[in-house]
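Please look over the sequence and the model below before reading on.

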Amino acid sequence: MASGIKDKVAILGMGCCRFGERWSDNADVLAVEAFEEALKDASIDVSQIEAAWLGVGFDSMNIGPSGIPLAMALRLPNIAVTKIENYCASGSDAFRGAVYAVASGAVDIALAFGLEKLKDTGYGGLPVRTRGTIYDMIGVVGSAPGFFAQVASAYRAKYGVDKDLLKRAIAHVSVKSHENGEKNPKAHLRKLITEADVINAPLIADPLGLFDCCGVSDGAACAIVSTPEIARSLGKTDLVTVKALAVAVSNGWELQGTGWDGSYFHTTRCAAHAAYKEAGITHPRKQLSLLEVHDCFSITELVTMEDLGVSAEGEAVKDVLNGVFDADGDIPCQIDGGLKCFGHPIGASGLRMIYENYLQILGRAGPRQRQDEPVYGLSHNLGGMPNQNVSAVVIVGREGA
Amino acid sequence: MPGIHAFGGYVPRLRLQRASAYAATGWFAPGLKGLATGERSFCSWDEDANTMGVEAAQDCLASRDRSSVARVILASTSHTFADRQNSTIIKEALNLSDSTAALDISGSKRSATSALIESFYAVEGNAGDTLCIASERSACRPGSEAEYNSGHGAASVLVSKEDGCAKLLGTHSVSIDFVDHFRSSGERFDYSWEPRWVREEGYGKIVVSTIRDALNKLSIDAAEIDYFVLGAPMPKVGESVAKSVGIHPAAVVDGLFGVLGDAGAAQPLILLSHVLERAKPNQMVMLVGFGGGCDVIVLKTTDAISHMRPSSGISGYLKNRAPVDNYVKYLAISGLIELEKGMRAELDQKPILTAHYRERKTVLGLVGGKCSVSGTIQFPKTPISVDQQARTTYTQEDYPLADRRARIVTFTADHLTFTPVPPAYYGNIEFEGGGRLMAEIVDVGEEGLDVGMSLRMVFRIKAIDSRRAFTQYFWKATPDRTSSTTS
């Protein structure tokens with residue numbers, strides 16, 4: 001009987017480059033910026049890394065195929081580099097690969113890397129791409145905001161939420177993230193906005209306006225992981241360990257089956273359930289200190305509060321408007337600015353979320369540090385579309401918690 | 001005698017207000033002011049002769065069992081493909097058996113009447129029930145007379161060996177190289193000769209003498225004709241021809257110039273279909289096609305006409321209209337000017353022909369699967385059922401979804417993604433009885449969309465690969481305006 005990942009693997013060090021429109025920097029520069037920080041944090045030499053996982057969302061448009069681009073950028077010592085593409089959840093999945101490698105005992109030290117050079121597209125938003133031969137013949141060539149905006153239509157219909165009220169609630173989600181991002185020197189967007197700015201912004205995909213959408217950024221983030229014993233032998237104290245790693249992938253039920261009403265993320269509910277069980281969390285709203293969720297769009301963050309069980313079903317609008325998830329609320333969500341303002345370099349995002357939780361738990365988050373000594377940080381990383389997606393839930397926390 | 005057993009039609013929802021065309025181009029061609037009244041139909045960017053042909057055929061076949069259809073004929077001078085059987089695309093969309101014959105007919109504006117004549121004689125010779133479709137999406141140079149006169153549309157009749165609702169009395173044809181207009185292969189627009197000559201020598205002599213010969217041949221008196229159907233790209237021609245041959249003026253059928261325009265090869269069948277909607281038993285209908293000669297067909301309705309109705313019919317589609325008074329929008333939708341599309345439009349839409357063949361029932365026929373064990377319905381068919389409770393493998397039987405109504409589960413109006421007519425509406429939809437699809441939703445009206453709204457499926461162009469000039473088709477949803485359910 002599998003006993004789960006809890007406390008078997010510790011984070012030795014993490015790094016994250018400044019996210020944003022890094023027009024003058026190529027992918028190698030972003031990768032090295034994140035990696036140097038992590039190596040220094042871990043206090044190890046590159047030769048001690050025995051295996052690496054690389055998450056990239058749009059490899060065909062930036063770094064190219066395979067694990068080679070990472071091995072070359074970091075001049076890794078001819079170790080295995082496994083390339084992962086799992087939509088926007090690629091970063092969390094890369095972390096999972098590295099953590100499992102250490103937990104299996106196959107290697108002592110592994111590297112999880114997320115990297116994306118998106119701003120060579122020539123236009124705003126995510127690149128338009130093929131989704132496979134059959135999808136291209138019968139699917140919709142829509143945009144990410146268009147896919148996610150549909151959640152709002154279904155959520156309103158299900159709970160009878162007034163259109164303006166929902167618009168105001170999701171506006172608050174963005175206003176809050178901008179307040180947080182403003183305090184984060186590595187964030188892509190660091191400007192304060194008002195509720196009126198959000199509500200009056202141009203419509204992108206009904207009901208989502210410009211400020212309901214996250215930034216599309218260049219960036220890299222990484223984690224070096226090992227066992228708690230090795231971490232201690234390297235002089236580490238106050239360990240942050242992995243409590244749970246769950247990835248749930250749609251099998252087509254939402255898209256083709258019957259029963260899903262379109263107002264929530266089925267996979268997030270599956271992944272959260274598995275992660276809470278693995279971490280031994282029974283009351284997420286009480287036990288979790290921090291949330292970093294996949295706020296690609298404001299509506300995604302709002303319904304994710306329910307999918308993660310921190311808001312009761314149908315209660316997220318109220319909780320959001322009551323400031324429950326603000327930086328000084330009961331359970332802050334996106335205290336680093338989130339995808340919304342920290343930015344969203346696809347492959348790097350899952351690792352950026354873990355990075356923030358890691359910093360907060362260690363008390364190293366600077367002006368945005370949560371003062372109540374965080375214990376558990378949950379990160380939620382989602383890729384695809386509401387009806388067909390990959391959802392990852394990662395929980396890290398103080399060793400022994 | 002062979003006869004027509006069902007009839008139907010289709011008119012695109014978009015209607016150019018001719019006054020707006022004149023407001024934009026009248027400075028250049030002021031002589032066309034007299035034509036600047038009423039409206040003409042035109043295709044949305046995702047409609048062509050094939051998609052309209054499918055709509056017309058669906059309208060015609062309605063809920064009828066399609067297994068008797070042995071042949072599909074498509075007449076048009078605006079076939080989408082010069083070499084890829086267009087009628088076969090329609091056969092696939094209608095989910096007809098592979099042992100259905102298919103034939104494209106073209107060459108002149110009388111190709112539809114010629115196709116109908118061919119259908120009558122073929123069924124008489126035991127060719128089997130023939131679905132005869134005419135569809136036209138003509139392109140007209142901006143500021144031309146044709147731009148005012150033309151319209152887009154399609155019609156379909158089902159021809160069988162017995163009398164049906166309108167039996168054949170006889171036909172007469174002449175072939176004469178009277179070139180009133182022409183368009184060489186690969187050319188986009190017609191080149192037309194002086195209308196007065198066409199009216200006087202063409203309609204006034206060739207058509208008149210062919211009708212006289214037909215009446216003699218069939219021993220019919222002109223006064224017996226109850227409906228005189230002549231599609232012509234100029235007003236008042238029907239009236240003058242009728243007068244010359246002695247057909248009663250009241251028998252001249254309205255050419256729908258004010259509400260549709262002249263749909264070229266399709267026009268005779270559109271007008272015939274429109275007439276049959278209101279015809280009574282034992283009425284005589286004369287149908288004339290003109291172009292490189294002349295076809296005359298005389299039909300007589302039977303008692304069956306009283307209860308034979310298409311789903312919507314030409315009348316229904318004429319009522320389902322979206323007026324367009326923005327001439328530049330008309331030009332852009334019709335592909336007559338190119339607006340800046342942005343880089344999102346650069347997505348390569350290259351057709352994968354191996355997959356296209358393999359998945360043709362899914363893509364062209366919207367055929368899903370129904371599990372023979374659990375009854376679960378899904379789209380597309382897959383080796384393992386999507387049913388989360390009853391896992392079954394290779395148990396799915398073909399389950400056509402194209403004629404089923406659906407309802408909206410989720411939706412959006414996307415202003416970011418590229419579409420020729422923004423915003424792009426799409427959402428998850430669920431078919432009555434089961435099965436889901438994330439579908440594009442087209443022809444959305446000012447009332448917008450809502451969760452639960454009823455939809456019907458329409459065969460449309462999914463994408464046009466401009467690099468390789470390939471048109472890819474798939475099914476989309478549209479608000480079901482035949483039903484009042486919007487709960």
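Predicted model: local features only at pLDDT ≥ 70, side-chain atom pairs only at ≥ 80, totals over all residues.

Residues are numbered from 1 along each chain as its sequence is written, while chains are lettered from A and ligands numbered from 1 in the order in which they are written.

**Chain A overall**

Chain A has 15 helices and 11 strands; these are DSSP runs, helices being H or I of at least four residues and strands E of at least two, numbered from the N terminus. The C-alpha trace spans about 55 × 45 × 45 Å along its principal axes. Of the 401 residues in chain A, 61% are buried. A residue is buried if 20 or more other C-beta atoms lie within 10 Å of its own, exposed if 12 or fewer, and partly exposed in between, with C-beta atoms placed from the backbone.

**Domains of chain A**

An automatic or database domain assignment sets the bounds, and gives domain 1 (10-120 + 218-233) and domain 2 (142-200 + 238-398). Their centres, taken over C-alpha atoms, are 23 Å apart. Each domain puts 35 residues into the contact between them; two residues are in contact if their C-beta atoms, placed from the backbone, lie within 7 Å. On the domain 1 side, H3(A) provides the largest share, seven residues.

**Contact between the chains**

Here 34 residues of chain A are in contact with 34 residues of chain B. On the chain A side, H5(A) gives the most, with eight residues. The table sets out two sides by residue class.

| Side | Nonpolar | Polar | Charged |
|---|---|---|---|
| Chain A, touching chain B | 17 residues | 15 residues | two residues |

**Cores**

A nonpolar core is a set of buried Ala, Val, Leu, Ile, Met, Phe, Trp, Tyr and Cys residues joined through C-beta atoms within 7 Å. The largest has 262 residues, and those touching the most other members include Cys222(A) and Val229(B). Helix H15 (residues 346-361) of chain A gives this core its largest share, nine residues. Beyond four places in sequence, the contacts of Cys222(A) include Met14(A), Phe113(A) and Leu351(A). A separate core of 11 residues includes Leu14(B) and Tyr330(B).

**Local details**

In chain B, strand S2 (residues 14-17) runs antiparallel to strand S3 (residues 39-42), joined by four bridges, and parallel to strand S14 (residues 322-324), joined by three. Strands pair if DSSP finds at least two bridges between them. Arg15(B) has Ser41(B) as its bridge partner in S3(B) and stands opposite Pro323(B) in S14(B).

Ser66(A) is in the loop between strand S2 (51-55) and helix H2 (68-74) of chain A. Ser66(A) is partly exposed because 13 other C-beta atoms lie within 10 Å.

Key: Nonpolar A, V, L, I, M, F, W, Y, C, P; charged D, E, K, R; others polar.
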